[in-house]
Amino acid sequence: MNMPNVLVSQVGFPCGARKRCVVPGCEAAEFEIQDVSQHLRDAIGEFENWRAIFRGRLERRGGPMGAFSVGDFSKVQAPGIYRVVLPGDAGHSYPFVISDAAHSHLPRLFLDYVHSQRCGPFENEWRGPCHLDDGLRSDNGQPVDAVGGWHDAGDLRKWMTTTPLPALAFMHTRARLASLGNHWREDPFQDDLLNELIWGLRFVLKMQDPSTGMIYEDVGGGGDSRRTTEMTWWHENHAGVYADNEENHFTDNAPNSGDERTVRVQYNPIVQYTNIAILAGAAEMFCKLDAKFARQCSDAGLRCWRFMSSRVQDEFHQWTSVLAWRLLAALRLVATGAVGKEEVAEAARRVLDLQDATLGFWHLDLQRRQPYRGILQSAQPLLAAASLLELGPSHPLAPKASDALRRCWDAFIEPMRNTNPFGIIPYAMYRDPPTTGDVYHPLDNGRWFRFFMHTQTPQKINHGISAHWTSWAHALALAGTALGEGRWREAAWDQLHWLMGNNPLNTSLISGVGYRIAMPYSRFLGAIPGGFCLGPRGDAADGIFIDPDGRCDCVSCEYWMTPLANALMALSLLLPKSVDGSRKLGYAKTRQIPTKKGTSNHE
């Protein structure tokens with residue numbers, strides 16, 4: 001075949017990790033792993049071929065996604081570059097790396113991408129300062145300083161639910177991994193990650209209403225020209241559904257010239273709790289680095305928490321997504337001493353009580369009619385429950401949280417992962433299909449599921465869901481680490497491998513990562529290494545779609561901060577803090593010579 005047809009992560013695997021390949025519609029019964037550093041044929045005008053160092057069996061897997069065969073080559077552990085090959089030249093994979101450092105470049109790549117998305121007084125080799133006149137309040141037209149932050153969603157808008165999330169990821173990364181270096185030589189710190197974090201935090205502080213403590217919703221989010229009578233601002237736990245592109249443009253950078261963008265001062269509960277968690281985390285991180293700035297972040301987070309104290313009985317606080325974010329915010333605040341243990345306990349009780357005691361999933365809301373789902377943070381309840389374990393094993397909430405996590409794994413996660421050969425968690429389980437015209441697959445428990453979003457809704461929104469899988473990757477990595485469960489961490493890797501090429505379209509969703517890469521929707525700044533695309537999305541038949549023709553399909557290929565931030569938080573838990581040289585490429589290794597099927601020897 002001309003194109004690689006064996007599916008595998010196009011990045012690779014840590015040495016000791018579980019390693020699998022997936023082959024669609026395959027008649028072969030076995031496969032081999034070739035070490036591409038060992039030539040068998042090296043002639044001009046011919047394809048090269050390499051020595052096989054492992055042979056294994058392919059096992060057939062059927063299901064709603066189609067017919068596949070799966071091979072396991074976990075026993076191949078020596079650092080190197082390899083590929084999967086089928087007998088009789090029936091197929092092969094793209095080359096991939098085996099090394100404990102195979103993914104270690106990604107945190108720095110993601111940091112550089114976020115840096116390139118700076119809005120405001122920033123200039124690099126290929127773009128200048130922008131939006132120095134942001135913006136005007138949506139309620140009274142008065143000017144407010146909303147200069148700075150980062151662009152998001154493949155364009156120039158700044159959404160406070162998603163755009164600041166890299167700040168949260170940077171804090172996780174700095175706490176768990178080694179320094180990412182000081183390449184930019186910026187002030188005030190000799191640390192690029194800290195300087196980028198400061199950039200994002202300063203914007204969050206600007207977006208707080210000084211009179212109420214509320215965080216504004218967005219800058220340049222757009223108007224409502226596309227809105228119909230059936231459309232709502234919220235859909236699938238995601239806000240901004242009917243916003244248009246009215247203010248998605250560059251400006252002349254001059255205040256009072258008439259092209260200033262709008263700062264939407266609308267109340268959004270997830271915006272509040274997301275940014276409380278960010279500000280409280282920053283207060284904890286900077287207390288020894290910059291005490292004055294740490295106090296500023298602490299005060300801002302507490303003001304917003306107090307603003308929300310008068311809102312806890314509103315209808316939004318019936319949503320599991322809001323309650324999960326409230327718990328995460330409370331956990332960050334209690335670490336700084338800003339709130340009491342009683343508030344954390346009450347927030348935890350409300351989240352844990354929303355889990356189905358039999359089927360393990362969390363309910364969508366207090367009505368308990370549908371399992372939880374969401375475009376952005378699909379695993380948020382699990383993540384909130386896992387975060388309770390960070391309080392320590394002796395904490396009174398730890399046993400309940402552990403029980404909830406294990407119940408979710410046994411009754412929900414594993415059955416959902418087993419619906420497909422890739423080990424991914426489908427988008428949603430449904431008690432009853434919410435639409436007609438979309439295909440839903442039955443589960444043994446009497447429920448239904450789809451791999452991708454249902455399409456036939458009046459909201460006219462069918463998102464790609466990289467943020468869904470990276471949310472699960474983060475939650476599974478956190479829970480697996482806290483519980484000491486290696487299989488949870490393996491499942492976290494499965495979600496990331498899917499987005500790095502181990503999917504039916506053999507396509508990576510991260511620019512500059514892998515061999516066959518989705519063309520990004522980035523209309524103003526172009527393709528940027530490290531950008532994380534929104535897709536893949538599904539069709540009515542629940543088939544996978546990623547724009548294959550370079551048509552700038554925004555709902556499958558626009559860059560989003562959410563999957564990048566989620567993936568970075570997952571990697572901060574999955575990657576080693578340092579890697580020994582013997583586990584990297586370039587280290588002399590013994591050769592692996594195949595013996596019988598499923599084994600390898602070292603020479």
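This is a chat about a predicted model of one protein chain.

Visitor: How many helices and strands are in the protein chain?
Guide: The secondary structure comes to 13 helices and 20 strands.

Visitor: And what box do the C-alpha atoms fill?
Guide: Taken along the principal axes, the box is roughly 75 × 55 × 50 Å.

Visitor: What percentage of the residues is buried?
Guide: Buried residues make up 62% of the 603. As for contacts between residues at least 6 apart in sequence, 68% of them join residues at least 24 apart.

Visitor: Which residues of the largest nonpolar core touch the most other members?
Guide: Phe 286 and Trp 362 do, in a core of 174 residues. Helix 4, residues 269-286, gives this core its largest share, 12 residues. Another core lies apart from it and has 21 residues, among them Cys 21, Val 23, Ala 78 and Phe 96.

Visitor: You listed Phe 96. Which residue is its bridge partner?
Guide: Tyr 82 is the bridge partner of Phe 96, which is in strand 7. Strand 6 and strand 7 pair in the antiparallel sense, over 3 bridges.

Visitor: How many residues of strand 6 are buried?
Guide: 5 of its 6 residues are buried, so strand 6 is mostly covered.

Visitor: What about Pro 79, where does it lie?
Guide: Pro 79 lies in the loop between strand 5 (68-72) and strand 6 (80-85). Its relative accessible area is 11%, and buried means under 20%, so Pro 79 counts as buried. The C-alpha atom of Pro 79 is separated by 9.2 Å from that of Ala 102, 23 residues apart along the chain.

Visitor: New topic. What is the strand order in the open sheet of 3 strands?
Guide: The order is 14-16-15, with antiparallel pairing. Strand 14 (428-430) and strand 15 (441-442) are the edge strands, each pairing on one side only.

Visitor: How many bridges join strand 15 to strand 16?
Guide: There are 2 bridges between these antiparallel strands.

Visitor: Which residues is Asp 542 in contact with?
Guide: Leaving aside neighbours within four places in sequence, Asp 542 is in contact with Val 439, His 441, Arg 450, Phe 451 and Phe 452. A polar atom of the Asp 542 side chain lies 2.8 Å from the backbone nitrogen of Phe 451.

Visitor: Is Asp 542 buried or exposed?
Guide: Asp 542 is buried, with a relative accessible area of 7%. It lies in the loop between strand 17 (537-538) and strand 18.

Visitor: Last one, helix 11. How far does it reach?
Guide: Helix 11, residues 486-499, reaches 21 Å from its first C-alpha to its last, close to the 20 Å expected.

Visitor: Why is it called largely enclosed?
Guide: Because 10 of its 14 residues are buried. Trp 488, Trp 493 and Trp 498 are among them.

Visitor: What do those buried residues pack against?
Guide: They pack against several elements, including helix 9 (398-417), helix 10 (466-483) and helix 13 (561-574). Strand 1 (12-13) and strand 18 (544-545) are also on that list.

Visitor: And what follows helix 11?
Guide: Gly 501 follows, with a positive phi near 120°.

Technical notes
Residues numbered from 1 in each chain as written. Predicted model: local features only at pLDDT ≥ 70, side-chain atom pairs only at ≥ 80, totals over all residues. Heavy atoms only, no water. Helix = DSSP H or I, 4+ residues; strand = E, 2+ residues; numbered from the N terminus. Expected span 1.5 Å × (residues − 1). Buried < 20%, exposed > 50% of the residue type's maximum accessible area, 1.4 Å probe, protein only. Contact = heavy atoms within 4.5 Å. Pairing = 2+ DSSP bridges. Core = buried A, V, L, I, M, F, W, Y, C linked by side-chain atoms within 4.5 Å. Polar contact = N/O pair within 3.5 Å; in protein donor to acceptor, adjacent residues only side chain to side chain.
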